Amino acid sequence: MAVPSTDIFKLGFIGAGNMAESIARGVSKSGVLPASSIRTAHPRPQRQQLFQSFGVSIVQDNAQVVDDSDIVILSVKPQVDLTSYKGQSDLFSIIVMCLGEMATKKDEERVTSLFRAIGKVWTADEKYFDAVTGLSGSGPAYIYLAIEALADGGVAAGLPRDLALGLASQTVLGAATMVNKTGKHPGQLKDAVTSPAGTTIAGINELERGAFRGLRKPSTFFWWLRQSTIGKTATMFRSLRYWYDRSKVDFLNSNLATWDDDAVSGALESAAFWVKGLASSTRQVFSNFLIVVSWSKIPSNWQMHGFDRPIYTNVVYPFPINPPYVPSDNPTGCYRKTFRIPTEWKGRRILLHFEAVDSAFFVWVNGVLIGYSQDSRLPAEFEITDCCYPCDSSKENILAVQVLRWSDGSYLEDQDHWWLSGIHRDVLLLSKPQVFITDYFFKSTLDKNLVTADVQVEVKLDISNNFEDATLARLTMEATLYDNTWWYACGNNEGKVDLSSYDALHLNLRSPSIGSDGFHCYIFEGTLERPKLWSSENPNLYTLVLVLKDASGDILDCESCQIGIRQISKAPKQMLVNGLPVVIRGVNRHEHHPRTGKTNLEACMIKDLVLMKQNNINAVRNSHYPQHPRWYELCDLFGLYMIDEANIETHGFDLSSKFKHPTLEPSWATSMLDRVISMVERDKNHACIIAWSLGNESGYGPNHSAMAGWIREKDPSRLLHYEGGGSMTSSTDIVCPMYMRVWDILKIAKDPSENRPLILCEYSHAMGNSSGNIHKYWEAIDRTFGLQGGFIWDWVDQALLKMDSDGQKHWAYGGDFGDTPNDLNFCLNGLTWPDRTPHPALHEVKYVYQPIKVALTENTVKVIRSINNTNLISEHVDDTITVRKQNWQIKINTQTGTIESWKVGDCSLINQGIIPCLWRAPTDNDKGGGPSSYFCRWKDALLDNLIFLTDACSIRELSNNMVQVKTVYLGVPKDQNTDHESENPSHILCRVDVDYCIHESGDVIIDYKIKPKDDLPPLPRVGVVFHIEKSLDHVTWYGRGPFECYPDRKEGAHVGIYGSNVRDLHVPYIAPVECSGRADVRWVAFQNSNGFGLYASIYGTSPPMQMSASFYGTAELETATHNHYLVERDDIEVHLDHKHMGVGGDDSWSPSVHDEYLVHPLPFSFSMRLCSIYPSTSSQDIYRSQISQ
């Protein structure tokens, strides 16, 4: 039938300037106009003409600007019979094509956001619908609702529901696909979209697989349309579809992770702007609250947007310890947002949910104080039903939030990371019925053969005060498990598969009861035969769907989640997963993004997980607080064991003589217990969590005993972890020390009185050039019963991206923002740089973390895992002897006894002499330990000021076409050298005898005898240093590689022939230290682009050497405070070391290099061979052809 003339359809378009521009003009334009220009730049006749081409006349045209957003509201009157297939399609095409037109701009991200953000408001009695765009959000729920909005319009016009749904889905799919594929104007496609496009679900799938799929990003403030909260349309099928979509994580999405300023727009999509100023205290806020506040960039930390400053501390609090008081100078962020309640939420309860706010906040709705909350890493939820204006009210609701940087809760949040403030996770507005599912707890128990799982689900209802008991008694609940493993067998037919057909278990209901906490409870039970178990290697998941129905069988509420069936248990000295011992190959992970701070992006989480899996990491410790909810979902999917840690650390109290640790104070018990309870209640259904942690570095006392007791009663299915108090208290099921040495963990493992497994909660402190000795830990772990691995400290360098006054960006650490107090670069402990580029040490970790070891024993593979004979010519002029033959020449300074220059043809090789070297740029670990550190001991011994003076030099030509140079060097402190050092032996720290033999072949054999004083501390290195021409920047070596490695960190670097540019050899540790070394090098070649260069190798019986080459000298590395301050030399500094001290890494605050990797002051003898090479020369052939001695 024809639509009566009185029926008016209202179309509302809300969005940024470019969206409204396209809608208003109806034509494709590449430019973006400012929001304020919408009313004048696009006259109404153009819109009239566009809509008339679809058979629709505009009754009212109203364009305006509200809150810096363009709004075009059109009241239209169809002039066609809506029961006509073509007419129906044309009408709906107006909406979809105007939006889809954005694809012609090749702006995929905006199109993605636009289609995800389609929502609708439908009032049946008025027979109109709004297609509202611009509400930021994520997930396929918006696409479902877009189709339903179109279908509802058809039903209102008299179409059967099935036909309306089919037409709507065809329109969305057809219009979007055709516009995207053809790039044509929408008006040219109105006939093309009428062809069938399959079922609704198939259409949605194809739409999601197409060009509109994009990176999920945190949203600002949106209607949370998850499947469990969309009212009458909530179904079991939609719950399955929701989790099906969320489980479709492509690891290639990790390549979309951004770490610079681009991440800001991603994290703050659709956000408004900050107010022009930040209140310095709460008192200032109250004086002009309504003027100051504005809904700011969220989720975010305000310090990352130029307000206040980041502060990095490890132990010390950034304010005086005087609990519970905090400074009156308390930066305060104020936020304000207006919103309306959708009409379909009428009669429902409204919940306001903050996923995380740092550190505390107050909330007002329409001037009414709703509440207060603290705990910077866990959610807070408020019911605001009675404070909101009705759905049909013309008034907008005003949400105001006041966030305090410091609160008494800050005393419990003294973690080793940046102090950053603000609303740093999502804010959600939820709609629920008068009675709804408020909580549920999935539990499973496996029989001894792991072939049967007894399943139990505890469900709690939240019931409003006006809900009648008689009605409550007629409610029914259903609980079903669905097998996810079948989802991945769908292939290209995924859209046509009925996900609900893979139900694995319908659970049986016990009688409802009232729980001890006053909630109405249901308990479901069932037995699952041959369950697919979850583990790190096989992360099998099921979907649990809970449905609440009224007496008529209509769905009131639906909740769902992903669950895994697995068993965590203890055996003597072992932790078992599904009855088998597991080895924890773990890392500690802070939430950290160099540009957005504590705000998470999903692609960045995926990047972390992909890197971890690629490097044999199977476990993560959430250090030191509960993390973003999506992180847990992803760990469930990827298969990563997790220790979930409470947001409790009071490390700074160690420095106080006046105040005891909060764990010893009864007044703190409730606050500490609240944090543990909230963590467990939020995360209890995640399969990845194998242990709960009571926090970190908070001492030990009665409050910890109380927390441990509560968890053991609530959830006995997992282990308990806490390092404080010596890592072996009664409040931990795991002996979990930090930075304990190998010999000490072996003692504990062999102690018959200790029955718990030992897992290092922190070890191998990866600060700068570190991670030495890690293979020693794993040699012990692999062969010792009772040792089950550990968590490296830590995953990522916690540097922030900062722009200097000259516009140069660099990684910044503590103190770079003028923050006081600070702990400098102690936040740089990662296996990766802030942008997740791996440090060289990660290769070592990958090697020692291999779950399978392979060894060759005898004949068994064990799974445990040519010389030119023409004469030399020598010339002696003044203090220089030149030795040459054909196209090469070497100049020797007779005063210093060193090679002054070396040329091949016109190519200069060495331009600064070969001299002994005992010094290196100190690493962070070298400096650890205060006065007892290696660095302090070296300085005390004056090794940092050592120079080598020539004491004697003799040169002679030998009969067998060789030139021999003998030199004696004396190593003395620079400020103590005299002309007669041999007459004052007390100043001599080292004597070096050098013997050069220059062969007619062009080979130079150098023999060294180095004798340091025996009272010196362990030496940084024993070797030689020289400088070569800058053009010789291509390096090839036969040794360990390809990445940086050192004597105590080389297991993952295999021996082979590798090549690199000198610039790429440099490892850009944020705070420069010794770097770029390669261990166990047999030979190395430095060549220019034409193939000419210098070759160096070990000689005779000398062992393989340590090699490094850099455009930055040792002195430059030692003095620069940031990598970006380094300035390249005009030549290349080369070190060839007979001995090089390990880098250590057990921790970074005490001398940690193991004895076998120390270079004790003993006499050393070694030899090396140098020669020039040519484009046709094979370095390996040179190495095979040894020169006779």
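Contact is defined here as heavy atoms within 4.5 Å. The structure is a predicted model, in which local features need pLDDT of at least 70, side-chain atom pairs count only at pLDDT 80 or more, and totals for chains, interfaces and linings use all residues. Residues are numbered from 1 along each chain as its sequence is written, and side-chain values use heavy atoms, with hydrogens and water left out.

Lys549 belongs to strand E25 (residues 542-549); helices (H or I, at least four residues) and strands (E, at least two) are DSSP runs, numbered from the N terminus. Not counting residues up to four places away in sequence, Lys549 touches Leu475, Thr476, Glu478, Asp554, Ile555 and Leu556. With Glu478, the Lys549 side chain forms a side-chain polar contact at 3.1 Å. A polar contact is a pair of N or O atoms within 3.5 Å; within protein, one must be able to donate a hydrogen and the other to accept it, and residues adjacent in sequence count only if both atoms are side-chain atoms.

Asp375 is located in the loop between strands E12 (368-374) and E13 (380-383). The relative accessible area of Asp375 is 5%, and the residue is therefore buried (under 20%; exposed is over 50%, partly exposed in between; 1.4 Å probe, protein chains only). A polar contact of 2.9 Å links the side chains of Asp375 and Asn647.

In strand E47 (residues 962-973), eleven of the twelve residues are buried. Strands pair if DSSP finds at least two bridges between them. E47 runs antiparallel to E46 (residues 946-958), joined by twelve bridges, and Cys953 stands opposite Thr967 of E47. Ten bridges connect E47 with E48 (residues 990-999), also in the antiparallel sense.
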